[in-house]
Amino acid sequence: MALKSNQLTPNLTQLTKFGLMNAYLVREDDGFTLVDTTMGAARDLIAAATDAGAQIRRIAVTHGHGDHVGSVDQLREKLGPDVPFLVPEVDVQILAGDRSAVPGVQRGSWPKLKTSPDQLLQAGDRVGSLEVLATPGHTPGHIAFRDVRDNSLIIGDTFHSIGGLTVPSYFSLPFPLPWVGTCDRAQVLESAKSLAALEPSLAVVGHGPAVRDPQAAMAKAIATADQKA
Ligand SMILES: [Zn+2]
């Protein structure tokens with residue numbers, strides 16, 4: 001099944017699998033940065049980039065869960081080693097099977113990847129136009145990306161937007177899965193607050209639709225999460 005493609009800005013296209021899992025194409029001068037990969041979607045991700053008029057030049061992920069790294073090995077088989085794989089530094093230790101390296105609970109699915117990372121991402125790093133932000137909580141090494149061109153945020157799973165913008169720090173319907181997978185539920189709320197403080201122009205998430213001018217919706221999601229904490 002092809003991915004649903006939705007161009008959100010001149011630089012950002014959302015690709016959605018099964019109406020549930022998002023990946024993003026971020027346009028740069030040399031082609032696309034692919035952020036997150038959904039699962040089993042390598043062929044469709046490559047086709048979507050071709051349709052959008054450029055090639056995938058690098059693959060970056062917000063965190064190590066299976067629904068975000070799930071197409072990485074296939075992508076590398078098809079695109080070759082010249083397309084680097086960029087992973088948050090802390091999560092890569094868990095992906096490598098070294099759970100002792102990271103304290104706390106590691107919830108969610110952590111597939112073992114054949115692809116070894118080419119670059120370990122830390123807060124403050126730049127990936128083209130994207131600035132790396134540390135947003136631990138959902139996973140210990142979780143990161144977000146801020147496009148410095150327009151202050152849009154690629155958030156990963158620190159919020160989701162199925163049934164409205166939500167912080168996965170507490171059980172909520174209709175989509176409790178991000179909560180089930182959240183490793184540190186107090187920390188994810190702190191990271192959500194740090195993202196809201198950036199006053200983004202656009203918020204895109206791992207699960208659910210994009211939210212334009214998201215400041216009021218983020219504040220409401222945080223207030224609800226604070227009440228449940
Ligand atoms: Zn996740």
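Helices (H or I, at least four residues) and strands (E, at least two) are DSSP runs, numbered from the N terminus. The model described here is predicted: local features need pLDDT of at least 70, side-chain atom pairs count only at pLDDT 80 or more, and totals for chains, interfaces and linings use all residues. Residues are numbered from 1 along each chain as its sequence is written.

## The sheet

Strands of a sheet pair through backbone hydrogen bonds, either parallel or antiparallel. Here two strands are said to pair if DSSP finds at least two bridges between them. By this rule, seven strands form an open sheet with mixed pairing, in the order β1-β2-β3-β4-β5-β6-β7. Its edge strands are β1 and β7 (119–121), each of which pairs on one side only. From one strand to the next, the twist averages 25°; angles run from 0 to 180 degrees between N-to-C directions, and axes are lines fitted to C-alpha atoms, for helices over the stretch in contact.

|---|---|---|---|
| β1 and β2 | antiparallel | five | Q7 and T13 |
| β5 and β6 | parallel | two | A60 and L86 |
| β6 and β7 | parallel | three | V87 and L120 |

Strand β6 covers residues 85–88. F85 and V87 point one way from β6, whereas L86 and P88 point the other way, and all are buried. A residue is buried if 20 or more other C-beta atoms lie within 10 Å of its own, exposed if 12 or fewer, and partly exposed in between, with C-beta atoms placed from the backbone.

P117 belongs to the loop between α4 (89–95) and β7. P117 counts as buried because it has 20 C-beta neighbours inside 10 Å. Two residues are in contact if their C-beta atoms, placed from the backbone, lie within 7 Å. Leaving aside neighbours within four places in sequence, P117 is in contact with F85, L86, V87 and V92. P117 and A60 are 57 residues apart in sequence, and their C-alpha atoms are 9.7 Å apart in space.

## Helix α1 against the sheet

Helix α1 (residues 42–51) lies across β1, β2, β3, β4 and β5 and runs at about 40° to β3. Which residues of helix α1 are buried? They are A42, L45, A48 and A49. Seen down the axis of α1, these residues fall within an arc of 130°, so they line one face of the helix; the arc is that of the directions from the helix axis to the C-beta atoms. Their cover includes β1 (4–9), β2 (12–17), β3 (21–28), β4 (31–35), β5 (56–60) and α3 (72–79). Just after α1, G53 takes a positive phi of about 100°.

I154 is found in strand β11 (residues 152–154). I154 is buried because 28 other C-beta atoms lie within 10 Å. Leaving aside neighbours within four places in sequence, I154 is in contact with Y24, V35, A144, F145 and V204. The C-alpha atoms of I154 and T62 are separated by 8.4 Å, although these residues are 92 apart along the chain.

## Two packed helices

Two packed helices are described by the angle between their axes and the distance between the axes. The axes of helix α6 (residues 185–196) and helix α7 (residues 215–228) come within 10 Å and cross at roughly 160°. That makes α6 roughly antiparallel to α7, since angles under 35 degrees count as roughly parallel, over 145 as roughly antiparallel, 65 to 115 as roughly perpendicular and the rest as oblique. In this pair, L189, A192, K193 and A196 of α6 meet Q215, M218, A219, I222 and A225 of α7.
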